[in-house]
Amino acid sequence: MLKKIILILLLIGLLLFGGFQYMIYQTKKASPEQVETYSKDDATLSVFYSSPAARGRKVMDSLVPFGKIWRTGANEATTFITNKAIEIEGTELAAGTYSLWTIPNKTSWEIIFNSKSYDWGLNWDGTSPREPEFDVLRITVPVEQLDQFQERFQIHFEENLYLTLSWEKTKVKIPIAL
C-alpha cells in the first residue's frame with residue numbers, strides 16, 4: 001500500500017513538473033528571450049529580457065498599467081549587468097547584476113535598479129515580487145512618442161549611451177555615463 005501511495009505521489013509530482021515546464025515553454029514562445037549588449041573599451045553592459053508583442057492589444061495604460069510596478073518585459077524579471085561602475089543621471093551604479101523595474105506613466109517613467117535577482121517577474125497572485133528595500137537607484141525619465149507603432153517591446157543601447165525601452169508608440173531613454 002505504501003508503495004502505491006509513493007508511486008501515485010511521484011506520478012503527480014512528475015505531471016505537475018511537466019505541466020509547469022510546458023507552461024514556461026508556451027509563455028517564452030509568445031515572448032521570446034532577448035539579450036542586448038553594449039561594449040566599449042573595458043566596459044560591457046548587458047540586458048536580458050523577454051519581448052512581449054501587442055498582438056492587437058492596447059499596451060500603455062492597459063497591458064502595462066500606469067502608476068504600477070512593471071517587470072519591464074515578460075516572464076522573468078529583466079536583468080541588467082555591468083562589469084564596471086557606471087553613472088546614471090549622476091548617480092553611481094556599482095558593477096554587478098540588477099533586476100530592472102519600471103513604473104510607467106503617461107509623461108514619465110520611473111526606472112528602478114534593484115540589487116536582488118528574481119526568478120520570475122510576477123508572483124502567482126499577479127503582484128510584483130520586487131522588494132523595494134533592495135532598490136539601489138531610482139530615476140525618472142520623460143516619455144518620447146514614436147512616429148511608428150512598435151509591435152514588440154524592445155530594449156536597446158543607443159549612441160551617446162542611452163538604454164532605451166520602447167513599445168507601441170512610447171519610448172524612454174535612460175542616460176548612462178561610463
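A residue is called buried here when its relative accessible area is under 20%, exposed when over 50% and partly exposed in between (1.4 Å probe, protein chains only). The structure is a predicted model, in which local features need pLDDT of at least 70 and side-chain atom pairs count only at pLDDT 80 or more, while totals for chains, interfaces and linings use all residues. Residues are numbered from 1 along each chain as its sequence is written, and side-chain values use heavy atoms, with hydrogens and water left out.

Helices (H or I, at least four residues) and strands (E, at least two) are DSSP runs numbered from the N terminus. Of the 178 residues, 39% count as buried. Contact denotes heavy atoms within 4.5 Å; of the contacts with a separation of 6 or more, 56% are between residues 24 or more positions apart.

Ser-31 is found in the loop between helix H1 (2–30) and strand E1 (33–40). Its relative accessibility is 7%, so Ser-31 counts as buried. Apart from neighbours within four places in sequence, Ser-31 is in contact with Ser-50, Ser-51, Pro-52, Ala-74, Asn-75 and Arg-152.

Strand E7 (residues 108–114) is largely enclosed by the rest of the structure, because five of its seven residues are buried. Strands pair if DSSP finds at least two bridges between them. E7 pairs with strand E6 (residues 96–104) in the antiparallel sense over six bridges, and a hairpin joins E6 to E7 through three residues. Within this pairing, Trp-109 in E7 is the bridge partner of Pro-104. E7 is also joined to strand E8 (residues 135–158), again antiparallel, by seven bridges; here Ile-112 stands opposite Arg-138 in E8.

A nonpolar core is a set of buried Ala, Val, Leu, Ile, Met, Phe, Trp, Tyr and Cys residues joined through side-chain atoms within 4.5 Å. The largest such core has 31 residues, of which Phe-80, Ile-88, Trp-109, Ile-111, Phe-113, Leu-163 and Ile-176 touch the most other members. Strands E2 (43–50), E4 (86–88), E6, E7, E8 and E9 (162–177) each supply at least two residues of this core, and E8 gives the most, with seven residues. A second, separate core of five residues includes Ala-77, Trp-101, Ile-103 and Ile-112.

Thr-102 lies in strand E6 and, at 0% relative accessibility, counts as buried. Its side chain makes a polar contact with the side chain of Thr-72 (3.0 Å). Such a contact is a pair of N or O atoms within 3.5 Å; within protein, one must be able to donate a hydrogen and the other to accept it, and residues adjacent in sequence count only if both atoms are side-chain atoms.

Rings of Phe, Tyr and Trp (its six-membered ring) pair if their centres lie within 6.5 Å; planes under 30 degrees apart count as stacked, over 60 as edge-to-face and the rest as tilted. Eight aromatic pairs are counted by this rule. The rings of Trp-70 and Phe-153 have their centres 5.1 Å apart and their planes at 70°, so the pair is edge-to-face. Trp-70 lies in the loop between E2 and strand E3 (78–82) and Phe-153 in strand E8, so this pair ties together parts that are 83 residues apart in sequence. Trp-70 and Trp-167 form a stacked pair, 6.2 Å centre to centre with 15° between the planes. Tyr-49, Trp-70, Trp-109, Phe-153 and Trp-167 form one aromatic cluster.
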